[in-house]
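Here is a friendly briefing on surface features and pockets. Please have a look at the model first.

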Amino acid sequence: MKVLLLNGSIHTDGNTMVALSEIEKELNEQGIETEIFQIGVKPIRDCIGCGKCSEKGCIFEDDICNEFIQKAYEADGFVFGSPVYYAHPSGRILSLLDRAFYSSKKAFAFKPVASICVARRGGTSTTFDVLNKYATITNMILVGSSYWNNVFGCQKKEAMQDEEGLQVMRNLARNMAWILNCIQAGKEKGIEKPKVEHQYHTNFIR
């Protein structure tokens, strides 16, 4: 089993990475394979709603979106991590997730996911809420912890001093591992995924 961790920060060694690394370490100790996907600094397109998605994902192939989608198909669970920008996730992670979820919901459906956010002081609750919305519209399983999935820090690696935040990350990782093992046990017992009804799009109420 494998968890794909998305670092929505441009920094490869900042506070978001501190939090993700704490999760990764605990997942590995629980026997779960991991990969951290770095969002990087190159431009990422916004979704323009063109409706030209394909089995490969987004029609535009000049950034990391389709690479992330292919890794998502192979993953069994996810962690989406973002720094707080103006009480919101980073614009880069939202551009990536908008296109990935719009074009390739099947890569994410019925898999566990957790969102984490890192802030100097405020804005974590709204950031956490926005990231969780992708899961609740895609039949995913939200993974919680012993407190909201937040870590605090401003200067480089300062999050390493947030003992409670890092404890929340470790508990989150254990919960993720437990859910993945439960899903695997269900598969071995022949338990099928829930049936999803055809989606009706109600544009107005008569």
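Ile10 is partly exposed, with a relative accessible area of 35% (partly exposed lies between buried, under 20%, and exposed, over 50%, with a 1.4 Å probe and protein chains only). This is a predicted model, where local features need pLDDT of at least 70, side-chain atom pairs count only at pLDDT 80 or more, and totals for chains, interfaces and linings use all residues. Residues are numbered from 1 along each chain as its sequence is written, and side-chain values use heavy atoms, without hydrogens and water.

**Surface patch**
- Ile10 sits in the loop between β1 (2-7) and α1 (15-29).
- Together with Val41, Tyr85 and Tyr86, Ile10 makes up a nonpolar surface patch of about 500 Å² accessible area (patch residues have over 30% relative accessible area and no salt bridge, with nonpolar side chains joined within 5 Å).

**Largest pocket**
- The volume of the largest pocket is about 380 Å³ (a pocket is an open set of points on a 1 Å grid where a 1.4 Å probe fits, with protein on both sides within 12 Å along at least five of seven lines; lining residues have an atom within 4 Å of a point).
- Its lining counts 17 residues, and Phe110, Ile183, Gln184, Lys187 and Lys193 lie nearest the centre.
- Helix α5 (residues 163-188) gives the most to this lining, with six residues.
- By class, the lining has 10 nonpolar, two polar and five charged residues.

**Second largest pocket**
- The second largest pocket holds about 300 Å³ of space.
- Among its 16 lining residues, His11, Asn15, Pro83, Gly153 and Cys154 are the closest to the centre.
- Six nonpolar, seven polar and three charged residues make up this lining.

Key
Patch = residues over 30% accessible without salt bridge, like charges linked within 9 Å, V, L, I, M, F, W, Y side chains within 5 Å. Areas by Shrake-Rupley, 256 points an atom, 1.4 Å probe, with all protein chains shown as cover. Salt bridge = Lys/Arg side-chain N within 4 Å of Asp/Glu carboxyl O. Helix = DSSP H or I, 4+ residues; strand = E, 2+ residues; numbered from the N terminus. Points joined across faces, edges and corners; volume = space filled by probe spheres on them. Nonpolar A, V, L, I, M, F, W, Y, C, P; charged D, E, K, R; others polar.
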